[in-house]
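Please find below a short note for a colleague who is meeting this structure for the first time.

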Amino acid sequence: MGLWSRIGVSAAALVLVLAVLVLVARLLVGMAPVASFIETYPGHSELPAGAPVGIPAWLGWQHFINMFLILLIIRSGWQVRTTKRPAAHWIRNNKGLIKTPGNPTKISLDLWFHLTLDALWVLNGIIFIIVLFATGQWMRIVPTSWDVFPNAISAGLQYLSLDWPTDNGWVNYNGLQLLAYFTTVFIAAPLAIATGLRMSGAWPKNAATLNKIYPITAARAIHFPVMLYFVAFIVVHVTLVLATGALRNLNHMYTSSDVVNWWGFGIFAASLVVMAGAWFLAQPLFLRPVASLMGKVTK
């Protein structure tokens with residue numbers, strides 16, 4: 001069976017599974033005990049006193065930078081995983097502030113691009129975490145009460161039954177959103193960093209005890225599924241943003257306002273153009289000159 005045939009079969013199976021889940025969810029929400037459960041837990045928890053309202057401009061910029069970087073990280077990571085004969089290789093200049101006692105290792109240009117993007121993504125993430133806690137925005141994506149779990153189940157049932165919860169993300173996320181954002185920021189992202197660092201040349205090769213405790217095979221076994229998680233999160237996230245009030249949701253993230261107009265959509269469309277351009281430019285012809293500033297590019 002060819003690649004496209006497998007994709008077609010997988011897509012058909014996914015649609016069938018979703019149809020069954022929708023049918024089951026609609027049957028469940030029609031039962032009195034489940035309806036009472038949803039009434040008790042409408043889908044969102046109360047935020048702590050003093051929690052900020054709205055999405056500030058800095059968070060919108062962070063969202064775009066993260067989206068821009070993660071798209072290219074996924075692209076370059078896939079190329080590293082699947083390319084058999086790299087178009088070029090790169091060797092770091094062992095000069096300047098960062099020097100190593102041994103000779104730098106030659107790596108593929110794809111891996112250099114991937115690692116460079118990773119470094120920028122980590123830097124952006126550090127800034128994000130610092131400002132997140134400094135401004136109190138953490139209260140919007142960190143669970144602060146146990147009822148987030150029944151509320152998440154309630155929100156999931158409402159989504160699957162196609163009677164979607166009526167939330168206002170400007171004020172509060174539902175339990176399912178909150179757990180998804182928390183998982184992405186505080187679990188998936190650190191896992192991606194920890195496993196990526198273990199597989200990189202920066203990891204000490206002579207640390208026998210440490211390498212035994214944390215073998216590279218374990219890092220590889222985790223790193224790829226984490227990438228798949230990010231892909232799944234992005235697909236579901238973008239789908240729900242567009243399907244649950246696109247104009248209002250896009251204004252939340254791109255204009256920092258809780259209004260319904262076309263400005264947010266326009267900026268979102270422009271950001272897609274920027275990302276498409278970056279996707280096109282992320283090839284050896286354009287990467288070589290940049291990589292040459294940091295080392296030597298060879299065949």
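Predicted model: local features only at pLDDT ≥ 70, side-chain atom pairs only at ≥ 80, totals over all residues.

1. Residues are numbered from 1 along each chain as its sequence is written, and side-chain values use heavy atoms, leaving out hydrogens and water.

2. The largest nonpolar core has 23 residues. Such a core is a set of buried Ala, Val, Leu, Ile, Met, Phe, Trp, Tyr and Cys residues joined through side-chain atoms within 4.5 Å, where buried means under 20% relative accessible area, exposed over 50% and partly exposed in between (1.4 Å probe, protein chains only). Among the residues with the most contacts inside this core are Leu72, Trp112 and Phe113. A second, separate core of 18 residues includes Ile55, Met67, Leu132 and Tyr173.

3. Phe113 touches Leu72, Ser76, Ala282 and Leu287, leaving aside residues up to four places away in sequence; contact means heavy atoms within 4.5 Å.

4. Three strands make up an open sheet with the order 2-1-3 and antiparallel pairing. Strands are DSSP runs of E with at least two residues, helices are runs of H or I with at least four, and both are numbered from the N terminus; two strands pair if DSSP finds at least two bridges between them. Strand 1 (residues 89-92) is joined to strand 2 by two bridges, and Trp90 has Ile107 of strand 2 as its bridge partner.

5. Leu18 lies in helix 1 and counts as partly exposed because its relative accessibility is 42%.
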